[in-house]
Amino acid sequence: MGFIATLNIFLFSIILIYGLYRTYFFIMRKRSATLLTQDEFKENMRNAQVIDVREKEEFNRGHIMGARSVPYTISKAHKEYLTAIRKDKPIYLYDNRTNMSSFMAKLLKKEGYTNIYILKGGYSDWSGKTKKK
């Protein structure tokens, strides 16, 4: 087998693995939460718990007005942080995009939470009111 054939197999394997990862990620997010557009998020956020799952430093640099900081990395390691999130109100999650929010949604779903929503595009695309510390 020549170098080009080996390289093609390697590249195909990388593309296949990436495709499987993205498919898994999509299915995981779909089972755990519903994506909301900015308009949908803004429309109902007053009746929901808005949770920023980014690290505290990122939250302090700027966050959506009214959001609370509950970092995913801390919540994953110390599930007692989740007790600050009520189960009887909708949960609106966001991070810079949607990756960490999807993992947090999966964690919350596993802990018995329902009505979980994720901001499509995350904080990076947010055009609403923000607060900086």
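The questions and answers below concern this predicted model.

Colleague: How is the chain divided into domains, and how many Å separate the centres of domain 1 and domain 2?

Modeller: The domain assignment places residues 1-31 in domain 1 and residues 33-131 in domain 2. Eight residues from domain 1 and nine residues from domain 2 make up the contact. Taken over C-alpha atoms, the distance between the two centres is 30 Å.

Colleague: What helix and strand content does the chain have over residues 6-27, and how far apart are the end C-alpha atoms?

Modeller: In the unreviewed UniProt entry, residues 6-27 carry the annotation "transmembrane region". Over residues 6-27 the chain is 100% helix and 0% strand. The end C-alpha atoms of this stretch are separated by 32 Å.

Colleague: Which residues form the nonpolar patch on the surface, and about how much accessible area do they have together?

Modeller: F3 is one of the patch residues, and F3 is found in helix α1, residues 3-32. Exposed means over 50% relative accessible area, so F3 counts as exposed at 65%. The patch consists of F3, I4, L7, F10, L11 and I14, and the accessible area together is about 620 Å².

Colleague: Which residues does UniProt list for "domain: Rhodanese", and how far apart are the end C-alpha atoms of that stretch?

Modeller: The UniProt entry, which is unreviewed, gives residues 44-131 for "domain: Rhodanese". Over residues 44-131 the chain is 28% helix and 20% strand. The end C-alpha atoms of this stretch are 19 Å apart.

Colleague: Is S102 buried or exposed, and with which residues is S102 in contact beyond its neighbours within four places in sequence?

Modeller: S102 lies in helix α5. Buried means under 20% relative accessible area, so S102 counts as buried at 0%. When neighbours within four places in sequence are left aside, the contacts of S102 are F25, M28, R29 and I118.

Colleague: How many salt bridges are counted, and what is the N to O distance between D52 and R54?

Modeller: Side chains of opposite charge can pair when their charged atoms come close. The count of salt bridges comes to four. In one of them the side chains of D52 and R54 meet, and D52 and R54 are both buried. The N to O distance for D52 and R54 is 2.7 Å.

Colleague: How many residues apart in sequence are the parts tied together by D125 and R97?

Modeller: The side chains of D125 and R97 meet in a salt bridge of 3.0 Å, N to O. D125 lies in the loop between β6 (116-119) and β7 (130-131), and R97 lies in the loop between β5 (91-94) and α5 (99-110), so the pair ties together parts separated in sequence by 28 residues. D125 counts as partly exposed at 37% relative accessibility, and R97 is partly exposed at 45%. The sequence separation asked for is 28 residues.

Colleague: What is the phi of N115?

Modeller: N115 is placed in the loop between α5 and β6. With a relative accessible area of 41%, N115 is partly exposed. Although N115 is not a glycine, its phi is positive, at about 50°.

Colleague: How far apart in space are T114 and S32, C-alpha to C-alpha?

Modeller: T114 lies in the loop between α5 and β6 and is partly exposed, with a relative accessible area of 41%. In sequence, T114 and S32 are 82 residues apart. Their distance in space, C-alpha to C-alpha, is 8.4 Å.

Key. Residues are numbered from 1 along each chain as its sequence is written. This is a predicted model: local features need pLDDT of at least 70, side-chain atom pairs count only at pLDDT 80 or more; totals for chains, interfaces and linings use all residues. Side-chain values use heavy atoms; hydrogens and water are left out. Patches are made of residues with over 30% relative accessible area and no salt bridge: like charges are joined within 9 Å, nonpolar side chains (Val, Leu, Ile, Met, Phe, Trp, Tyr) within 5 Å. Accessible areas come from the Shrake-Rupley method with a 1.4 Å probe; for residues, only the protein chains shown count as cover. Helices (H or I, at least four residues) and strands (E, at least two) are DSSP runs, numbered from the N terminus. Buried means under 20% relative accessible area, exposed over 50%, partly exposed in between (1.4 Å probe, protein chains only). UniProt positions are given in the numbering used here, feature names are shortened, and annotations may be inferred rather than shown by experiment. Domain bounds come from an automatic or database domain assignment. Contact means heavy atoms within 4.5 Å.
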